Amino acid sequence: MVITTNASYALEDNFTIPEVSDEVPIIAEDDSEQELSSQLHDVDTRSNGWSQWSEWSSCSRSCDGGVSHQLRRCQKGSCKGEHIRYKICNMQTCPDSNDFRDDQCAVFNSQLYEGSLYNWYAYYDDQNPCALTCKGKSITSDEEMLDEPVLVMVKLAEKVHDGTRCRPGSLDMCIDGKCKTVGCDLRIDSDLQVDACGVCGGDGSSCSRPLYHWSLTSMSLCSATCGGGLKMSRPICLNRVTGEEVEEQLCNESQKPDASVVACNTHNCPPKWHANEWGPCSASCGGGSRIRQVHCLEETNSTKIKVNEAKCTGHKPRFQEVCNQIDCPKWHTSQWSGCSVSCGEGVQVRVVECRDFKDELSNLCSPHTKPTQTKPCSTGIQCPFTLDEHNEELMPGLYHTQPLIQPYPPPPPAIAERLIGEQVVPSESTFIPDEWGPCSVTCGEGTRRRQVYCRIFLEFSRTIAKLPDNKCSGPKPIETERCFMEPCSSERIDIKDDPYRHEIGTKLGSTTYSWVKQGYTQCSATCLGGVKELIVNCVRDDTKKVTSAFLCPVDQKPEVTILTCNDVPCPPRWNFSDFTPCSQSCGIGIQTREVNCIREVTQGGANTVVVPNRECPQPQPPDRQYCNVLDCPVSWSLSQWSKCSKPCGTGEKTRKVECIQVMAQNHSLARPESMCSKPKPSEKKPCNTKSCVLESDKPHIEISNSTYIQHSVKKKKVFLKVGGAASVFFGTVVKIKCPVKRFNRTRIQWTKDHAPLPKSKKFRVSKKGALRIQSVTYVDKGVYTCIAGKSSADLTLSVQPKPGEFMNSEEIMRQSGFKNERTGSYHLQPRREDKNPVLNNDDHSHEQRPDLLKNPRTSPKTRLFAPTSPSLRMDPNSLNVWSPDGTLDPEHEQVRASIR
């Protein structure tokens with residue numbers, strides 16, 4: 001490691017290695033290596049396991065401080081110490097002033113990150129300073145760079161290159177991914193620092209007066225234009241010779257003065273209009289209105305007081321506006337499907353949906369105005385069929401409804417009958433009687449019977465199904481009636497004359513008739529107690545055959561006897577409800593019902609209890625069945641609308657429109673568009689049709705109300721915003737933004753000192769209305785105003801010389817006075833801002849940058865002064881130029897004046 005006397009080495013931005021005084025020992029590179037090798041030789045002697053050190057590696061950097069290393073191997077036994085050692089190399093200043101960490105980030109500019117290209121810049125992470133963490137901005141044109149936010153913050157590599165500074169303004173270096181301390185003697189792991197006299201490793205006793213001292217900045221601008229604001233002055237650490245601000249650690253912390261804060265602009269603010277939040281809309285759709293309170297208020301000490309509206313200037317904001325002008329949801333219907341049957345009567349179905357103005361499903365339509373979804377239809381064709389009692393089978397997949405209270409024992413399940421012959425088939429459930437059976441007697445009066453069933457025709461399977469009687473409407477036809485045969489004797493009886501006469505002889509010719517008891521009827525109930533009735537018939541005495549009751553004498557008929565029967569508990573039975581409506585009108589739907597195992601406690605079924613299913617006869621009746629197993633009509637299938645392609649300025653929404661048919665097994669088939677109804681629903685529609693730029697004659701301009709002061713000469717371009725003040729260095733490129741809402745930015749105009757800007761390459765206005773000033777000079781200072789319609793905002797710009805550079809006499813005269821055209825000389829003009837051209841102005845409604853107030857040590861980049869001119873070179877006694885009374889010696893007065 002070599003340190004050359006009277007040389008300074010720029011390490012980072014504005015940080016400079018101080019000159020080393022004669023008191024600091026200077027070690028040549030050869031001497032340093034010899035000393036180091038001698039020390040390490042002793043270690044090697046004590047730990048014989050190490051091999052010899054390798055040659056020093058090449059330096060990690062060609063300038064501005066890099067790292068070189070040596071390696072060794074442990075050959076035997078237990079080795080103590082490190083296998084690698086480092087030294088700093090190539091400390092000469094780099095010809096360019098690029099940040100080494102910036103260069104490492106920029107390598108990734110040409111590589112895609114998450115599908116996009118970014119410009120990468122250095123970001124110093126205090127938690128992990130030796131990782132390559134970079135901030136990325138999406139690559140845009142220079143005109144749009146001002147509006148682009150930092151999009152990503154990414155760790156692009158685990159370690160930075162050896163020799164990278166741990167943080168700005170620091171000598172500490174990253175080596176092998178770890179931050180190593182570097183002292184002012186440029187040795188790794190050294191803790192030597194520069195003392196108050198500017199001496200590396202000194203104790204501050206080498207000078208009569210400290211080089212660094214505390215000072216208060218000039219007062220900042222007032223934080224408010226009215227109603228009471230604050231302005232302050234903060235303490236900073238200054239170099240007594242150069243007057244430049246340096247790190248606070250160089251000043252004595254015990255002597256640090258307090259920040260000064262004073263009140264300003266305490267006069268009341270003028271009254272202004274204040275509008276409350278809008279109230280709710282009077283209608284959710286179809287157009288409504290909403291209102292808000294608008295008052296003229298005067299604010300004093302953060303208290304708002306309502307005053308007369310005449311005191312407020314400008315147009316009063318509206319207190320009422322229209323709202324929710326969107327169309328209300330409406331019922332939409334599709335075309336009717338075809339008839340569900342090919343003969344007889346069936347049903348037609350259609351889709352009924354509630355849709356809003358976006359053509360999306362909604363539940364806000366009134367159910368009272370909902371159109372019907374089904375209607376009956378007739379084909380006009382009679383369905384022929386016959387029944388074959390020997391070829392009956394259940395329809396596959398069909399469950400048959402049973403009554404709610406099932407008698408015991410339960411009736412056999414409903415069966416479906418195939419169509420064979422020709423007979424009228426019922427398209428709805430109907431009572432259909434069979435033919436009458438024969439009369440019960442061969443002569444006289446008897447009875448005849450027939451079967452009457454509730455039946456329905458099933459179009460899907462072309463079969464007839466028997467249903468329980470409660471599934472048919474209307475009265476059920478009789479199943480039993482009387483029948484009259486010829487008289488049983490040779491003498492005919494004229495029944496028509498008096499068939500129900502009460503008095504008749506027991507003898508009719510030679511034939512006699514008598515009442516005979518012939519047992520009891522069947523019990524009226526199978527359990528819980530029923531009744532049975534005595535059967536009394538009139539019979540012919542000689543043949544004992546039952547004949548007509550009017551042939552026996554009425555007064556001799558025995559009294560009818562009624563007895564109780566089957567007085568035993570009822571066994572458990574299945575009880576089930578009706579099936580629910582079908583879940584779909586076509587395709588394939590499902591019907592469900594409740595099925596429970598119950599036991600009757602009293603007669604009539606009104607009092608029952610639910611018992612476990614295992615106690616009822618098995619199998620359990622099904623609780624669901626398929627329904628509406630038929631093809632749906634061909635119709636349009638609409639997907640959901642996509643998001644709008646633009647947030648404003650008329651975008652477009654799209655959706656997929658297909659002509660399909662849902663088949664009976666619930667699968668879909670694509671159909672030609674000619675089979676669907678006309679017209680075809682649209683696949684695109686406009687959206688967000690409002691203009692992106694809604695101009696106003698007096699738009700709002702967002703101002704910064706702050707003061708910007710440039711501290712780094714390396715910053716070649718400065719971005720500002722109107723509404724405050726700024727001080728920049730000579731030669732800087734300045735870009736001033738005019739943030740305006742509800743206005744076409746291409747119409748923004750700029751003036752300087754209230755005069756239009758000349759057309760030249762010096763000034764350029766972007767498409768977004770931002771003003772760009774190329775390489776500002778002292779004549780470019782002044783008040784820049786952006787004008788948008790009837791609104792305007794100012795920025796006061798001042799230009800300062802770079803540190804170490806000074807204006808010549810002509811520039812000073814040009815900046816401070818006016819030129820006499822006759823003589824060609826300049827005359828000084830006293831100005832109000834001579835006290836403080838940028839800051840000490842009570843009339844501005846600005847405040848100093850918040851980051852300068854909160855953390856003063858991070859605002860200006862730290863610069864340790866290292867004089868290079870022989871006349872200003874420091875030595876241990878260089879600060880003795882002050883006389884005991886605190887003034888400079890006359891021979892140094894000229895130097896002081898030039899520094900200022």
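**Figure 1. The disulfide of Cys454 and Cys472 is right-handed.** The torsion about its S-S bond is about 90°, so it takes that hand. The two sulfur atoms are 1.8 Å apart; a disulfide here is a pair of cysteine sulfur atoms within 2.5 Å. The pair links distant parts of the chain, 18 residues apart. Cys454 sits in strand S27 (residues 452-458). Cys472 sits in the loop between strand S28 (463-467) and strand S29 (480-484). Strands are DSSP runs (E, at least two residues), numbered from the N terminus. Cys454 counts as buried because its relative accessibility is 0%. Cys472, at 9%, also counts as buried. Buried means under 20% relative accessible area, exposed over 50%, and partly exposed in between (1.4 Å probe, protein chains only). This is a predicted model, in which local features need pLDDT of at least 70, side-chain atom pairs count only at pLDDT 80 or more, and totals for chains, interfaces and linings use all residues. Residues are numbered from 1 along each chain as its sequence is written, and side-chain values use heavy atoms, with hydrogens and water left out.

**Figure 2. A disulfide joins Cys597 to Cys616.** The S to S distance is 1.9 Å. With 95° about the S-S bond, this link is right-handed. Cys597 belongs to strand S36 (residues 595-600). Cys616 lies in the loop between strand S37 (608-610) and strand S38 (624-627). The two cysteines are 19 residues apart and link distant parts of the chain. Cys597 is buried, with a relative accessible area of 0%. Cys616 counts as buried at 4% relative accessibility.

**Figure 3. Cys659 and Cys676 form a disulfide.** Their sulfur atoms are 2.1 Å apart. The S-S torsion is about 100°, so the disulfide is right-handed. Strand S41 (residues 657-662) holds Cys659. Cys676 is in the loop between strand S42 (668-670) and strand S43 (684-687). The pair links distant parts of the chain, 17 residues apart. Both cysteines are buried. The structure holds 25 disulfides.

**Figure 4. Four strands form an open sheet with mixed pairing.** The strand order is S45-S47-S51-S50. Two strands pair if DSSP finds at least two bridges between them. The edge strands are S45 (717-721) and S50 (763-765), each pairing on one side only. From one strand to the next, the twist averages 20°. Angles run from 0 to 180 degrees between N-to-C directions, with axes as lines fitted to C-alpha atoms. S50 and S51 (residues 771-773) pair in the antiparallel sense over three bridges. Arg764 has Arg772, in S51, as its bridge partner.

**Figure 5. The largest nonpolar core has 27 residues.** A nonpolar core is a set of buried Ala, Val, Leu, Ile, Met, Phe, Trp, Tyr and Cys residues joined through side-chain atoms within 4.5 Å. Ile736, Trp750, Ile773 and Tyr784 touch the most other members. The elements that give two or more residues are S45, S46 (725-729), S47 (733-737), S51, S52 (782-788) and S53 (791-800). S53 gives the most, with four residues.

**Figure 6. Trp750 and its contacts.** Contact means heavy atoms within 4.5 Å. Residues up to four places away in sequence are not counted. Those touched by Trp750 include Val722, Ile736, Pro756, Leu757, Val765, Leu771 and Tyr784. Cys738 and Cys786 are also among them.
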